[in-house]
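Try each task before reading its solution.

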Amino acid sequence: MELTKLTAAEFRAMVIAGGQLLNDQMELINSLNVFPVPDGDTGTNMNMSFTSGVENLKQSKSDKVGELAGALAKGLLMGARGNSGVILSQIFRGFSQAITDKETLDANDFAAAFAGGVEAAYKAVMKPVEGTILTVARESAIRGEKKAAKTDNIIEVMQSIVTGAEKSLAKT
């Protein structure tokens, strides 16, 4: 399948589906949590935070991806729980800031926004530690940018980001 423009309706559906997947995988994510302490609540905190973001996005009637991303980021920030929720909210804050005025996204927009999200998250953490969600996000963003330089298919860029995340996670 090829997708060269991500519309607001597609972005909204993608975020809602992503929220459901996060909810479904919450316990697995809880089991991955080992830093700073293995308290087993990372998935729970990320899920609660993202749910807040999704609810705020659902209230938006905008037909612009940038505005929807802003609504998601605001909801995430307002509902952020724990370190993982705060980091997640910062990833989406940076993502939304990179595409504020965008009506739709192309592959380069998406990759650049994801990289902007990673940059914002690193800046928000006083002492970033490698081998954490920050590393996974950074390494997957790099893969996304490299893929976007070779294709205009947003799905291929997203798949590259996911593959990058899986490879990075396997190393942590």
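**Exercise 1.** Is Glu55 buried, partly exposed or exposed?

*Solution.* Keep in mind that this is a predicted model. Step one: take the relative accessibility of Glu55, which is 39%. Step two: apply the cut-offs, where buried means under 20% and exposed means over 50%, with partly exposed in between. Glu55 therefore counts as partly exposed.

**Exercise 2.** Find the salt-bridge partner of Glu55 and describe the pair.

*Solution.* Start with the distance: the closest N and O atoms of Glu55 and Lys58 are 3.8 Å apart. The cut-off is 4 Å, so this pair counts as a salt bridge. Finally, check the cover on Lys58: with 40% relative accessibility, Lys58 is partly exposed.

**Exercise 3.** How many salt bridges does the model contain? Work through two further examples.

*Solution.* The count comes to five. One of them joins Glu119 to Lys123, with the closest N and O atoms 3.0 Å apart. These two residues sit in helix α6, four residues apart, about one turn of the helix. Glu119 is partly exposed at 45% relative accessibility, while Lys123 is exposed at 65%. Another salt bridge links Lys102 with Asp109, where the closest N and O atoms are 3.2 Å apart. Here Lys102 is partly exposed, with a relative accessible area of 31%, whereas Asp109 is buried at 16%.

**Exercise 4.** Which residues gather in a patch of negative charge on the surface?

*Solution.* The patch consists of Asp63, Glu67, Asp101 and Glu103. Take Glu103 as a test case: look for it in the loop between α5 (82–98) and α6 (107–124). Its relative accessible area is 48%, so Glu103 is partly exposed.

**Exercise 5.** How far apart in space are Glu2 and Ile155?

*Solution.* Glu2 lies in the segment before α1 (8–24) and is exposed, at 53% relative accessibility. Along the sequence, Glu2 and Ile155 are 153 residues apart, yet their C-alpha atoms are 6.6 Å apart.

Note on methods. Residues numbered from 1 in each chain as written. Predicted model: local features only at pLDDT ≥ 70, side-chain atom pairs only at ≥ 80, totals over all residues. Heavy atoms only, no water. Patch = residues over 30% accessible without salt bridge, like charges linked within 9 Å, V, L, I, M, F, W, Y side chains within 5 Å. Areas by Shrake-Rupley, 256 points an atom, 1.4 Å probe, with all protein chains shown as cover. Salt bridge = Lys/Arg side-chain N within 4 Å of Asp/Glu carboxyl O. Lys, Arg positive; Asp, Glu negative; His and termini not counted. Charge placed at Lys NZ, Arg CZ, Asp CG, Glu CD. Buried < 20%, exposed > 50% of the residue type's maximum accessible area, 1.4 Å probe, protein only.
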